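Okay, thanks for coming, everyone.

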Protein chains: 2
Amino acid sequence: MNFSVNEAVEVLERTPLVLNQYLSGLSAGWLKCNEGDDTWNAAEVVEHLIEAERNNWIPRLEVMLQEGEQHSFPPFDRFAHLKSSAETSIEQKLIEFKTIRTQNLTRLRELVDPDVHLDMKASHPDFGKVNVRELLSTWVVHDLTHITQITRVMAERYRKDVGPWEQYLGILNK
Amino acid sequence: MNFSVNEAVEVLERTPLVLNQYLSGLSAGWLKCNEGDDTWNAAEVVEHLIEAERNNWIPRLEVMLQEGEQHSFPPFDRFAHLKSSAETSIEQKLIEFKTIRTQNLTRLRELVDPDVHLDMKASHPDFGKVNVRELLSTWVVHDLTHITQITRVMAERYRKDVGPWEQYLGILNK
């Protein structure tokens, strides 16, 4: 086991800054490309990250920190962001993500004492008891999953353009 | 085909800034972890990117832009950076990468007229004729491959920590 709250926060606080550096000002060609039907473009991934800040990590953490282990998580719809009709620019989305992430990391520090709370549990609808350490580790790896997704989607756009180099580029061989 | 020089440069100029935002100031735990024997940590990936700036992209481009298609590439050792005995901090490596990338993008603009040069060719030692468009596309996707590698290596560090969420996290299922 490698988890520590401080090291997890190092990654969590960087993600909105990394995505801002990565995506802000990019051409529509990069921001709107995806991997085919029912796949997300980079802007949709950022919307999903915002949705998870609103309705996943901190709400689930608050459930876990209640007394008793029988509490269940509130529902989280992984596709909720696709139902939004609001058209905002990538810059607005990136600011929104950074703002809510900053608020949530403040809330995390208020709620969690690493010496006391990491083993507190709640019930996940699919796989039963999970604890605070697992939830916070998952928050980190979820960020990393979606940074990889954005990167893979962008690489896909040049699959044909790289010609015979395709075989040497790991990202195109997943 | 989606390649354009301007859009390729958008990604190429961002990569050192993204990696700086991602890695600068991170704990050694994140910077030194890898995926097992003979795999690279994040710092080694940055060293490899520097090596490719020195000895791969621009030298190969210069060969392609010579008259005739029979010219072969100079050799590029993908593991050269592992032989370096210099111990530099991640911050030094990131600055070095940004400096040489900036120089190389200036050189790219000097060398390549997109209306004239994209179809010029040279011989790759493994798969024969390749052209400037394919080389420059590969430069972009190579960046994206290594951003993904760094991200995957970091995620691996928390494989056990996420508990049963492992099955839901795509980055852990490669």
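So, which side chains meet in a salt bridge at 2.7 Å, N to O? They are those of A:R157 and B:E7. By salt bridge I mean a side-chain nitrogen of Lys or Arg within 4 Å of a carboxyl oxygen of Asp or Glu. The count between chain B and chain A is two salt bridges.

Quick housekeeping before I go on. This is a predicted model, with local features needing pLDDT of at least 70 and side-chain atom pairs counted only at pLDDT 80 or more, while totals for chains, interfaces and linings use all residues. Residues are numbered from 1 along each chain as its sequence is written, chains are lettered from A and ligands numbered from 1 in the order written, and side-chain values use heavy atoms, leaving out hydrogens and water.

Back to the interface. Counting contact as heavy atoms within 4.5 Å, 56 residues of chain B touch 56 residues of chain A. The buried area is about 5200 Å², and carbon and sulfur atoms give 64% of that; this is accessible area (1.4 Å probe) that the two parts lose on being put together, summed over both. On chain B, the residues losing the most area to chain A are B:Y158, B:D161 and B:W165, together 15% of what that side buries.

There are also 18 residue pairs in polar contact across the interface, both at pLDDT 80 or more. That takes a pair of N or O atoms within 3.5 Å, where within protein one must be able to donate a hydrogen and the other to accept it, and residues adjacent in sequence count only if both atoms are side-chain atoms. Helix 6 of chain B brings the largest share of that chain's side, 16 residues. Helices here are DSSP runs (H or I, at least four residues), strands likewise (E, at least two), numbered from the N terminus.

Now, helix 3 of chain B, residues 42-55. Its 14 residues reach 20 Å from first C-alpha to last, close to the 20 Å expected at 1.5 Å a residue, taking 1.5 Å times one less than the number of residues. Is this helix mostly covered or mostly open? Mostly covered: ten of the 14 are buried, meaning under 20% relative accessible area (1.4 Å probe, protein chains only). Those buried residues pack against helices 1, 2, 4, 5 and 6 of chain B. At the start of helix 3, a side-chain oxygen of B:N41 comes to within 3.1 Å of the backbone nitrogen of B:A43.

Definitions and conventions:
Buried < 20%, exposed > 50% of the residue type's maximum accessible area, 1.4 Å probe, protein only.
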